[in-house]
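Here are my notes for you to read alongside the viewer. Keep the structure open and find each spot as we go.

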Amino acid sequence: MSSLTIVRGTPVQRTPRVIQMESMFDVPPTRDSEQRWDVDIDLPEQWNVGVIVGPSGAGKTTVARELFGDAMVSRWEWPCGKSVLDGFPEGMSIKEITALLSSVGFSSPPLWLRPFHVLSNGQQFRVNLARTLAEQPDLAVVDEFSSVVDRTVAQIGSAAIAKTVRHRGQRFIAVSCHYDILDWLEPDWVYEPHLNRLQRGFLWRRPTIELEVRRAHHSCWEMFRSYHYLNHTFNRSARCFVALYRGEPIALQAVIASPHPRVKNLYRGHRAVCLPDFQGVGIGNSLIDYVARAYRGIGARILSTTASPSLIRTRARSLNWRCVRKPSLAPARGANAGAAFKAWQPAVNRLTSTWEFVGAPMDELEARRLIYG
């Protein structure tokens with residue numbers, strides 16, 4: 001239980017204008033402007049995510065600094081001209097850095113190469129959060145949380161950071177004037193300084209993210225190509241499917257036929273991309289699984305080859321996917337003719353693994369409407 005009184009005073013210079021204002025509005029003459037907060041806050045013993053929230057002037061930053069001063073974060077210095085990867089602590093391996101960036105919803109390797117100052121506000125928001133968790137593994141308190149990003153980015157980003165904090169077993173406090181992030185953060189406690197009110201327990205639940213999936217023309221690749229983690233090329237014979245959130249396309253899955261001398265009706269994932277502002281909450285994987293269910297619904301088999309460590313981990317935990325080739329360098333076309341999927345050419349110069357979707361098929365009529373339009 002923390003119970004304290006915080007008083008902040010500011011000297012008032014009694015200039016002619018100040019004296020005139022006092023006379024006009026019948027304000028008693030004063031030489032000090034004082035603010036006072038009575039704080040009673042009893043945090044739960046076990047918690048991961050907390051929020052200090054209230055309108056401007058409510059005393060959020062003052063209370064947070066008084067209670068958690070050493071853990072307060074406002075901004076980080078980033079190396080000028082170097083990639084964001086070089087801004088993380090020297091003791092972190094590149095594997096740890098990229099895994100942390102991916103976990104907070106910034107999983108686009110081409111963007112990792114860029115300096116911090118050229119990233120968008122939403123991308124900087126995610127990168128700063130990853131840096132905060134890396135620099136302060138015990139407790140991190142972020143002031144002005146989500147203040148500089150639009151509300152959709154703030155909400156999706158809040159869900160991603162809360163998921164990461166809980167997975168890593170860390171403690172994180174968001175200091176914000178925005179109440180719309182509460183359901184997305186699902187905090188263990190919320191304190192409002194202007195009301196001296198603490199709420200704790202399972203009072204907030206992340207809203208359902210409702211997506212609409214449509215067949216799309218291959219030209220839609222242009223809006224996604226720069227965010228693909230590895231390759232910007234695209235085969236125009238692929239079928240494209242996009243996920244729309246509130247009417248806007250945010251993720252793409254492309255599927256292409258995979259000729260095989262002994263297996264009929266075989267397809268594979270060609271390209272899969274989720275826009276950076278919407279990463280970290282499972283949208284990309286949900287779209288991939290949805291499209292795969294459709295192909296299963298028409299009696300097809302569908303494979304997916306990936307080099308992404310985060311996607312491999314997700315597939316390994318899922319009951320919907322079965323590994324048919326463990327991470328390895330794939331043999332070149334024509335070499336060792338007995339290879340399981342020799343008729344199509346995966347990467348031969350990097351570690352990849354191949355997975356087959358074995359989840360429940362979609363209703364055939366619904367599947368045909370999606371695939372064939």
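**Notes on the model**

1. Let's begin with helix α1, residues 16–24, which is where you'll find Met 24. Keep in mind that you are looking at a predicted model. Is Met 24 buried or exposed? Its relative accessible area is 65%, so Met 24 is exposed, since anything over 50% gets that label.

2. Together with Met 21, Phe 25 and Val 27, Met 24 makes a nonpolar surface patch of about 420 Å².

3. Now hop over to helix α3, which covers residues 94–103. Which of its residues are buried? Ile 97, Thr 98, Leu 100, Leu 101 and Ser 102 are. Their cover includes α4 (109–112), α5 (121–135) and α6 (151–168). Just after α3, take a look at the backbone of Gly 105, where phi is positive, at about 95 degrees.

4. One of those covering helices, α5, holds Val 127. Val 127 counts as buried because its relative accessibility is 0%, and the cut-off for buried is under 20%. What does Val 127 touch, leaving aside residues up to four places away in sequence? Its contacts are Trp 78, Val 84, Phe 88, Leu 101, Phe 106, Phe 116 and Leu 119.

5. Pick the C-alpha atoms of Val 127 and Leu 100: they are 9.3 Å apart in space, while the two residues sit 27 places apart in sequence.

6. On to the sheet. Strands of a sheet pair through backbone hydrogen bonds, and they can do so parallel or antiparallel. This sheet is open, with seven strands and mixed pairing, and you can trace the order as β9-β10-β11-β12-β13-β15-β14. Which strands are at the edges? They are β9 (212–216) and β14 (321–328), each pairing on one side only. From one strand to the next, the twist averages 25 degrees.

7. Zoom in on β12 (residues 266–274) and β13 (residues 301–306). These two run parallel, and three bridges join them.

Definitions and conventions: Residues are numbered from 1 along each chain as its sequence is written. This is a predicted model: local features need pLDDT of at least 70, side-chain atom pairs count only at pLDDT 80 or more; totals for chains, interfaces and linings use all residues. Side-chain values use heavy atoms; hydrogens and water are left out. Two strands pair if DSSP finds at least two bridges between them. Helices (H or I, at least four residues) and strands (E, at least two) are DSSP runs, numbered from the N terminus. Axes are lines fitted to C-alpha atoms, for helices over the stretch in contact, and angles run from 0 to 180 degrees between N-to-C directions. Patches are made of residues with over 30% relative accessible area and no salt bridge: like charges are joined within 9 Å, nonpolar side chains (Val, Leu, Ile, Met, Phe, Trp, Tyr) within 5 Å. Accessible areas come from the Shrake-Rupley method with a 1.4 Å probe; for residues, only the protein chains shown count as cover. A salt bridge is a side-chain nitrogen of Lys or Arg within 4 Å of a carboxyl oxygen of Asp or Glu. Buried means under 20% relative accessible area, exposed over 50%, partly exposed in between (1.4 Å probe, protein chains only). Contact means heavy atoms within 4.5 Å.
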